[in-house]
Structure formats: structure tokens, C-alpha cells
Amino acid sequence: MVLWLGWTTAGASTLDEQRQEFLAAERALAAGQSERFAELSAELTEYPLYPYLQYADLTSRLARADAKAVRRFLSDYADTPLAWQLRGRSLRLLAAKGVDKAPSYPDISTREKAWTVVQAFKGEGDQVKLLP
């Protein structure tokens, strides 16, 4: 029993430290300190809220983000609410840009289905080209 209590205390200390690093990483991202953010987030890969840091980073640069980075996030965190949020944001962005090629996302069964969502955001029924 004592050993278990000691383990809990040590785990809580580590969790407290991670929580502080998480908050510092959020501040670094908000301040545009990308190198500092990268350093801090690299130390937090095992922290339960790590996907939120990745989401915040990706959405802060979504307009210029690599499509592979979006697909990777959607695949890595498919079982989180963040995947749905990112998918919606990226599809809205494509619609706003007037993009005429359907994205290929790992959790959407067909590109046609994804493009139906984009068209709904655009409010148009235009014909679209599908990526090979």
C-alpha cells in the first residue's frame, strides 16, 4: 500500500510538470515561438492532452499546411473529437478557396462523400474533378 501511494505521488509530480510544460507550449504557440513550441511539445508526446497541442499547431497554420500533415493527423487521432473538428475546418477552408479537387481523407469512405460536404459548405452543386 505504501509503495502504491509513493508511485501515485511520483506520477502526480510528473503529471504536474507535464501540465506546466503543456501550458508553456500553448503560450509559445500563441506567441509565434515555433522553435520553443516544438521543443516543449516534443517532451509531451506521452501527455494525455498532446493531441490538443498538435491540433492547435496544425489549425494555426491550416491555410498553408501540407495536405499530408492533415491526413496524418486525421489518421493518428481518428478516435478523438479533434479529428472531426480538423476535418470540418479543412473542408470549409477548401470550400472557401473554391478548390475543385476532392481531398482524400483516411476516415471518409469515398472522395465523393468528402466532396459532398465541401459542396454543402460552398452552397453549390458544381461538378468537381476527383484526384486520382
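Visitor: What pLDDT does the chain average?

Guide: This is a predicted model, in which local features need pLDDT of at least 70 and side-chain atom pairs count only at pLDDT 80 or more, while totals for chains, interfaces and linings use all residues. Residues are numbered from 1 along each chain as its sequence is written, and side-chain values use heavy atoms, with hydrogens and water left out. pLDDT is the predictor's confidence in each residue, from 0 to 100. At least 70 is scored by 64% of the residues, and the chain averages a pLDDT of 76.

Visitor: In what order do the elements of the chain run from the N terminus?

Guide: Helices (H or I, at least four residues) and strands (E, at least two) are DSSP runs, numbered from the N terminus. The chain has six helices and two strands. From the N terminus on, their order is α-α-α-α-α-β-α-β.

Visitor: Which residues of H3 are buried?

Guide: Buried means under 20% relative accessible area, exposed over 50%, and partly exposed in between, with a 1.4 Å probe and protein chains only. H3 is mostly covered, with eight of its eleven residues buried. The buried residues in H3 are Tyr 50, Pro 51, Leu 53, Gln 54, Tyr 55, Asp 57, Leu 58 and Thr 59.

Visitor: Is Asp 57 buried or exposed?

Guide: Asp 57 lies in helix H3. Leaving aside neighbours within four places in sequence, Asp 57 is in contact with Leu 29 and Phe 37. Its relative accessible area is 16%, so Asp 57 counts as buried.

Visitor: Are H3 and H4 roughly parallel or roughly antiparallel?

Guide: Axes are lines fitted to C-alpha atoms, for helices over the stretch in contact, and angles run from 0 to 180 degrees between N-to-C directions. Angles under 35 degrees count as roughly parallel, over 145 as roughly antiparallel, 65 to 115 as roughly perpendicular and the rest as oblique. The axes of H3 (residues 50–60) and H4 (residues 67–76) come within 11 Å and cross at roughly 155°. H3 and H4 are therefore roughly antiparallel.

Visitor: Which residues in H4 meet H3?

Guide: On the H3 side, the residues are Pro 51, Gln 54, Tyr 55 and Leu 58. On the H4 side, they are Ala 69, Val 70 and Phe 73.

Visitor: How far apart in space are Phe 73 and Pro 51, C-alpha to C-alpha?

Guide: Phe 73 is found in helix H4 and is buried, at 4% relative accessibility. Beyond four places in sequence, the contacts of Phe 73 include Pro 51, Leu 82 and Leu 86. Phe 73 and Pro 51 are 22 residues apart in sequence, and their C-alpha separation in space is 8.7 Å.

Visitor: Are H3 and H5 roughly parallel or roughly antiparallel?

Guide: The axes of H3 and H5 (residues 81–97) come within 11 Å and cross at roughly 5°. The two helices are therefore roughly parallel.

How values were computed. Contact = heavy atoms within 4.5 Å.
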